[in-house]
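Colleague: Hi, could you walk me through this one? I have some questions ready.
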Amino acid sequence: MKQRSITADVLKGLAVIFMIQVHIMEVFADTSIYHSLTGKISLFLGGPPAAPVFMAVMGYFLAASSKGMMQTITRGFKLILGGLALNVAINLNLLYRIISGTSDTNPLTFVFGIDILVLAGFTVVITGLLKKLFDLNFVIPLAVGMMILAVTPMVNDALPATGGTSAYLFSVFGGEAAWSYFPLFPWMAYPFFGYSAFLFIKSGYTIPLDDNRVSAVFLTVWAVFIALTINYGIGIAANLKEYYHHGILYGLWVLAFTAGFAHLISRIATALPDSPFLEYFATIGRNVTLAYVVQWVIIGNTGTAIYRSLDLRDSYVAFILVMLVTSGVVYLKENGYFPKIWKSRSQIVV
């Protein structure tokens, strides 16, 4: 396997693991923990190192893909449908309670939630339409991503705060809806940044970073920057409304964080090519769609019964159990113990 592929797979694997721990914190942990320093750190780990990295790697592989426009668009629509199906699977316990009359919750806000698979699907469709334009120069997807971050506040203000069917459509793009976790504005920017990164690397502009001294200077400057600004990074990530609908300032911070984090993982993978830990993360990354689905189905349906009721110790136990089950399913799939429903590479990242 090529080194760069190992790095990408490790990044995807880490992103999913960070997502699992933050899902445990958001759904299982008692409110007092959620609002504590531990909760804020958990939300941060489930923030910049998770979804933005996840989506940037998706954009990277979209740029590397040789698939035509119609194939890419078709994959995007399949992801949208898969994301909606996952919303149903996550909330089967809750939907049963609604149907049986023991809950009066509006089911549509859960069925049509804009989670990361729905975001990925719409982004893949749009990228398929823009691929020929993006391939002209790495600056183009970078500039489009910046524009998306810049106009996000305006998009949110322009979208009417209304109920009814239109609210579910508007929530795909942005706004204030509680079920709009990953709307296109601002989250579509990160796959475009990943797309730009692939073209940038392909053009040879990152070759100087292969030098150990240059790389060390880059990582030192990055580490100092992150250390000086980490309170800002954690503060936004711990406020979910601001995090889900952030603008260009936080977007630039996340972009800087992601660039340094990805390079750090790349250097670690270069130094430790046979590490069993990296291979574990890469295995999760190679099966990222399956891992993401399994963990969410477990957490979503269990969470209906124990929503925000666990103490810190039990939350850690829950995390370990979910990781064990998720890892076990991935192991079975990786070793061919059940039908190949998922391709060896994630449907999300081509």
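Colleague: Thanks! Which helix gives the most to the nonpolar patch?

Modeller: That is helix α15, residues 248–271, which contributes three residues. Helices here are DSSP runs of H or I with at least four residues, strands are runs of E with at least two, and both are numbered from the N terminus. Before we go on, this is a predicted model, where local features need pLDDT of at least 70, side-chain atom pairs count only at pLDDT 80 or more, and totals for chains, interfaces and linings use all residues. Residues are numbered from 1 along each chain as its sequence is written, and side-chain values use heavy atoms, with hydrogens and water left out.

Colleague: Which residues form the patch?

Modeller: Y232, I248, L249 and L252, and together they have about 340 Å² of accessible area. Areas come from the Shrake-Rupley method with a 1.4 Å probe, and for residues only the protein chains shown count as cover. A patch takes residues with over 30% relative accessible area and no salt bridge, joining nonpolar side chains (Val, Leu, Ile, Met, Phe, Trp, Tyr) within 5 Å and like charges within 9 Å.

Colleague: Is L249 buried or exposed?

Modeller: L249 counts as exposed because its relative accessibility is 60%. The cut-offs are under 20% relative accessible area for buried, over 50% for exposed, and partly exposed in between (1.4 Å probe, protein chains only).

Colleague: Which residues of α15 are buried?

Modeller: Among them are Y250, W253, F257, F261 and H263. H263 has a relative accessible area of 12%.

Colleague: What is H263 in contact with?

Modeller: Leaving aside neighbours within four places in sequence, H263 is in contact with L209, S215, F218 and L219. Contact means heavy atoms within 4.5 Å.

Colleague: How does the span of α15 work out?

Modeller: Its 24 residues should span 34 Å at 1.5 Å a residue, and the end C-alpha atoms are 34 Å apart, so the two agree. The expected span is 1.5 Å times one less than the number of residues.

Colleague: Switching to charges, how many salt bridges are there?

Modeller: Six, where a salt bridge is a side-chain nitrogen of Lys or Arg within 4 Å of a carboxyl oxygen of Asp or Glu. One of them joins E176 and K241, with the closest N and O atoms 3.3 Å apart. E176 is in the loop between α10 (165–173) and α11, while K241 is in helix α14 (residues 240–244), so this pair ties together parts that are 65 residues apart in sequence. Both E176 and K241 are exposed.

Colleague: And what does R286 pair with?

Modeller: R286 forms a salt bridge with E279, at 3.0 Å between the closest N and O atoms. R286 is buried, at 11% relative accessible area, whereas E279 is partly exposed at 39%. E279, R286 and E334 are linked in a network of salt bridges.

Colleague: Last one: how many helices and strands does the protein have?

Modeller: There are 18 helices and zero strands. The radius of gyration is 20 Å, close to the 20 Å from the globule rule for 350 residues, so the protein is as compact as a globular protein of that length. That radius is taken over C-alpha atoms, and the rule is 2.2 Å times the number of residues to the power 0.38.
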